Amino acid sequence: MMGPSSKHHAEIIGRSTLFWLLLTHFALIAPLADKSTPWTLAISAICLVWRVGIFYGRVARPPRLLVTGLGIASAVTLALVGKQIGLLNALMNLLILGYSLKTIEILGKRDVRTVILVGYFLIAINLIDNQGIGAMALALALFWLNTQSLLTLYRDPGVKRDALAIKLVLQSLPLAILLFLVLPRLPPLWMVPSLKSSVTGLGSELGFGDISKLTQSDELAFRARFDGKVPANPELYWRALVMEDYDGAHWRQHSGIKRLEREAFLLGSGRSEPVSDPQLNSTTTKAPLSYEVIAEPSGQRWLFGLDVAFSDTQGVVNLPDYRLFALRPLDGRFQYRARAYDTRMDVRLSDSVRRLNLALPDGINPRTRELVSKLKAESSSPKEFIQTLMTRFSTEAYYYTLSPPPVGKAQIDDFLFDNKQGFCVHYATALTFMARAAGIPARLVSGYQGGELNPRAGYVSVYQYMAHAWSEVWFEDQGWVRVDPTAMIAPSRILDGFDATFDPDESYLAQNPFSGHRFKEISWLNNLRLQLASIDYYWSVWVLGFDNERREGLLKGLLGGLKPTRLILFVLGISAAILLFVAWQAGILRLPSKQAPLLVAFRRVEKSLAAMGLPRELAEGPGDYAVRVGAAMPLLAADLIRWAQQFSHLRYSSEKPSPRALKRFVKESRVLAGRIRKQGKIPAATPD
């Protein structure tokens, strides 16, 4: 007798199923390559090649001992490197390995169903760090492909499984949309480990050549939409990092700010909300500028805000140096609202902060210090001194370039007196150094400047090549004031943007031959690029940014309120409609269909005869039926036989009946039915 185990082993899996599993295996693993370790990719590739060999009959299934050994070795390896790649990455790699190893030991349909079920989880993994519309379209395609593999177990090869798979995916969408609209956004019950992805964008350390490297990238950093009029390009200074420690070569954040960042979850929302400063505008108080930012995944935690930024979005901390900071690394798109206040930053400066922003390494850049002493003696105030420096940059032979010549240990001396060529970091570093040397507190700020306006959608896109650095100088009774030497050396960079100063082919397009930015000069292609970007943006706003506030607003508009009774009736009504639709699609529910006029006319006469006691038998044709009822109604016999002949001709003729003949038959049937009803009821025949 064959036991359950033997029966399971004896199952035959069709080649169609094996083919679709191969295709699905490759399609599911390929998008996860960036999340997989080399060890995981190697084992997955071996499993895929082995599965191909099994499909073509070249190799047998691997021994169970080998598969078990690979599984244990993989788990041990991931445990050893788990700290380096992160817990979430390790768990994802474990699932990928389990899926790949399971595909080469498939014995029966139960194993196929297990592989397909794990495949659905792999599809969801793709959406952990990227929920853009492109990623969602890919997920739907993979969902269809995995479902297609499942259908091969239950449908014959001749049946159109692809159409059925599409139908199943489409049938699941209404319920998913309903749950998306109705269910509230609840916080997680436990803290999900962060995804250790590659870090992009601005770094926490800044040297002479760091920002110029970012100008080679056309990756999107973030997008911003303003509630009112979009500010002009010179007003778009997006602060990200404030750097106060300088060692003569690099700028870094102060250890005190770093400690606050590590303990950000203890700060709540951080500093209090500022108010517009009437002293900056004696006539009217300027209202805060409200805007919404969608930051792209960067692996960092710093956010982007205009002066002076404040946000009350959950998960955002307002740090004391007037920056915005996220509680968790940006592993996926992050949406937050902020306001820019027309107010001063730190009108009063503590002694410790003053000392920090005056500190300079000893014994470096002697020629610069000598120049500072000279200019300071000629200036009557700190403001005049800073203005003298700015004028010097604009009047002397200084050049703005992405590829300045190298400098030695005395970086600023070499730059100011010998090379006189530099990028934004060079000029901001020189000005900040000279301000400190003159006894004026100063610090360096890095972020982004400007943005590309999408005129149709009304938002601003900021790319990595727009990275920028500038200085902030502290003046008595004014606080920290932005001072940007770039505006004096290359004013077009600030007024009109990056492209007005540099050739894109020599910067962010040099290493990106397939960049969409290459089409900026071709009107219709550029419009198409902006249109596609708008679709992705609105997806981020209305789908990824669909929080509880927007959910409640939408439901209030649909239901006229959020009373529990209305909400329950709404959910039940939509659910019932979905169930009825699915039942109709599955053939469980059949809606009455409209009959052809020819059959309606035939049924009219048939019902009239049945009312007279002469119903048609189950297997009785129209001709035989007419002969039988004609014998019972001699006065109508000839008309009934002619009526049956006309019906048979119209119904079964190879030629399509003309509308005129059909109309005449309907009319004659109506008249015949009336004549039948005028006859008396035929008594039922009695047996002899």
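**Note on strand β15 and its surroundings**

1. In this predicted model, strand β2, which covers residues 220-226, is joined to β15 by five bridges, and the two strands run antiparallel. Within this pairing, arginine 223 is the residue that stands opposite serine 461 of β15.

2. A further partner of β15 is strand β14, made up of residues 452-454, and these two strands pair in the antiparallel sense over three bridges. Here asparagine 454 stands opposite tyrosine 459 in β15. The strands β14 and β15 form a hairpin with four residues between them, and in this hairpin glycine 458 takes a positive phi near 80 degrees.

3. Is strand β15 buried or exposed? Five of the five residues of the strand, which spans residues 459-463, are buried, so β15 is largely enclosed by the rest of the structure. In a regular strand the side chains alternate between the two faces of the sheet. In β15, Tyr459, Ser461 and Tyr463 point one way while Val460 and Val462 point the other way, and all of these residues are buried.

4. For the "domain: Transglutaminase-like" feature, the unreviewed UniProt entry lists residues 416-487.

5. Strand β5, at residues 251-252, is joined to β1 by two bridges, with the two strands running antiparallel, and glutamate 205 stands opposite arginine 252 in β5.

6. How much of the chain over residues 64-81 is helix, and how far apart are the end C-alpha atoms? In the model this span is 100% helix and 0% strand, with its end C-alpha atoms 26 Å apart. For residues 116-144, the model has 76% helix and 0% strand, and the end C-alpha atoms of that span lie 12 Å apart.

Methods:
Residues are numbered from 1 along each chain as its sequence is written. This is a predicted model: local features need pLDDT of at least 70, side-chain atom pairs count only at pLDDT 80 or more; totals for chains, interfaces and linings use all residues. Side-chain values use heavy atoms; hydrogens and water are left out. UniProt positions are given in the numbering used here, feature names are shortened, and annotations may be inferred rather than shown by experiment. Two strands pair if DSSP finds at least two bridges between them. Buried means under 20% relative accessible area, exposed over 50%, partly exposed in between (1.4 Å probe, protein chains only).
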